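Please read them alongside the display.

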Amino acid sequence: MRRRRGVLLTAALLALPVAGPSRAAPALPAGWEAQGQCGVVRSGEVPLGGAEVTLYQAGQGEGGRPRVLARARGGADGRFVLDYRRPRDPRAVLYVLAGVGPGAGGAGAGGERRTPDGAGGWEADGPVALAAVLSGAGAPPELVVNERTTVAAAYALARFTGPDGVAGPSPGLPNAAAVAHNLADTGTGGVAALLAAPPNGELTSTLAEFNTLANLLASCVDDTTGGSCDRLLDLARRPGRERPRDTLRAAVDIARDPGHDVAALFALAGTAERYRPALSAAPDAWTVALRYDGDGHELDGPGNLAFDADGNAWVSNNYRYGPDPGVPVCGGDAVLRFTPDGRDAPGAPYRGGGLYGAGFGVTVDARGTAWVANFGFQGTGCPVDPKPLERSVSQFAPDGTPLSPPKGWRGAGIVQPQGMAADRAGTVWVANCGTDGVARIPDGDATQAREIATPGLHKPFGAAVDPAGRLWVTGNGSDSVQVLAPDGTVERTVTGAGLRRPLAVATDSRGNAWVGNSGILPVPCGDSTAADLAAALAGEDGPRPGASVTMIGPDGSTPAEPFTGGGLFLPWGVAVDGDDTVWVANFGGHRVARLCGVNLSACPPGVRTGEPISPPGTGYTSDGLERNTGVQIDPSGNVWLANNWRTVPVPANPGGHELVVLVGAAAPVAAPRLGGG
């Protein structure tokens, strides 16, 4: 199975203190520290002489503009030294643009047009601008700026790069800068350790795709005055958008629309085969999919995830870790927490508080408290009786300390709980798959929880809160969706409109609900088991009957038909990004679907609400994806997916062992804070 990922790009990024020889720096505001950074600009192993290198501090906040900190011209050997004063703010993100003009490789003229000191805008004299990110990692003795570091910078910062450079709010922008180090090593110009080794490396095609993207940039570096650069800029142009003027903007455009002109871009990359291994055939799209697995011995059946306000991912886990699918495992007794760049958070994973066999239910409330639904999952052959353990939710403080009792919070009809949601007022909701009801926990106080009957639902599963604070819940066994007012009053029940074995639900900024219809999957609660779910998957060889997405308006209205295409294979998880674009995870087919939402300005020209943005026949495929359930968008615009299961029929341990992140693929989503957005 192939993946797609695209990016060619531009600018060296730095966000932490950089090491290197210090020289006198220009006068800048008080509270900044003198700093120096050595570096080299090259293509492969060939130095690019005479590059014009500029160091910027990224703009902060939504309206911020980049600021010039230092400039240098590279020597004939490609080397440069940047002397500057570094801001003490640890969230400051610094980036370098290396403009390479015609005649690079000797002492030719640099390629970046100078702007007045302190000005943030930039224009390249030629089409080549290279980059490398330093933030989130210790600065190397010598910074390498090449095609690989440029691809890494482009994808990680795709959602924060505009006409004037890089700018954006915290924590999304600093987190994005850190993710770039998972792709490229700025000290060597090579592949980053995480991308080079399992669960990535030779186990997926991402490494080869990353190198292919670097080769695509190299095609322009090799032919700055010929036709390759024009070809690149023409092919990278997003439909309905301006033609990019340089490789930085071209790379960002490819990252934002990875399914456009894929085959032609692949052919162009083949003209400069500098980096190996590279793809032998064109991918379905240029999405970059990275796998995270923590310490390699903790994820087993990750079900879903939720982000806190700092961009950390809290992850529910079906089973206790076991590498052999044939050896029985019991229910997971930990909740995981990953940093924005995929590492275990301090002290994670966290245990206690009644955790056992969590499924799809995990949420973080506006105070930063994490909640996990204890469904009671366990592998075939586990000797533990799950019945006493599938009747609670667990609660954790932001630092991972359990706040719930040793047996979890019980009562309020909680039996085999699945989906969870939290609103901006602090109310937490639980879909009780085993009792055909929901639990409402006001103000995050589980001692005040109460059960709410939902007679229009059988096997409540997915849960989401809309901007008005209303709860939307899917009924997997009743082919329905129910809407509850913030106080728990049932407002309406929606049926028809393609609702067929619905699973997850997500809401957009205008209050519409988007429901993933599996078409065939009975969730294993009540009178159904994991074996029933596995039986429904028998003979899987294509999109399943009824696989679709239903859009429901705030008033309960629906289009005449559900939406299909774009890679909808066996829909499970649903997420809506910051542009109201809809993302759908599939429990089969190794693919993600991306649909146009209600904000048509974020979609290609002519694409209407519900129609696919991802390739209509395949979606965004990746051989790193395996039976995905949860999908969520972080504050940096990365799409996170849970590799929930590996094998069917269900063995003693069917759990998958990774999270998968599509780097920079979506519009960022900020986690809500109490009383805020």
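Which residue in S32 does Val 505 stand opposite?

1. Val 505 stands opposite Val 515 in S32. The model is predicted, with local features requiring pLDDT of at least 70 and side-chain atom pairs pLDDT 80 or more, while totals for chains, interfaces and linings use all residues. Residues are numbered from 1 along each chain as its sequence is written, and side-chain values use heavy atoms, without hydrogens and water.

2. S31 and strand S32 (residues 513-517) run antiparallel and are joined by four bridges; strands are DSSP runs (E, at least two residues; helices, H or I, at least four), numbered from the N terminus. Pairing requires at least two DSSP bridges between two strands.

3. Helix H4 (residues 206-221) packs against helix H7 (residues 262-269) at an angle of about 70 degrees, their axes being 8 Å apart. Axes are lines fitted to C-alpha atoms, for helices over the stretch in contact, and angles run from 0 to 180 degrees between N-to-C directions. H4 and H7 are therefore roughly perpendicular to each other (65 to 115 degrees).

4. The contact (heavy atoms within 4.5 Å) involves Thr 212, Asn 215, Leu 216 and Ser 219 of H4, together with Leu 265, Phe 266, Leu 268 and Ala 269 of H7.

Methods. Parallel < 35°, antiparallel > 145°, perpendicular 65-115°, else oblique.
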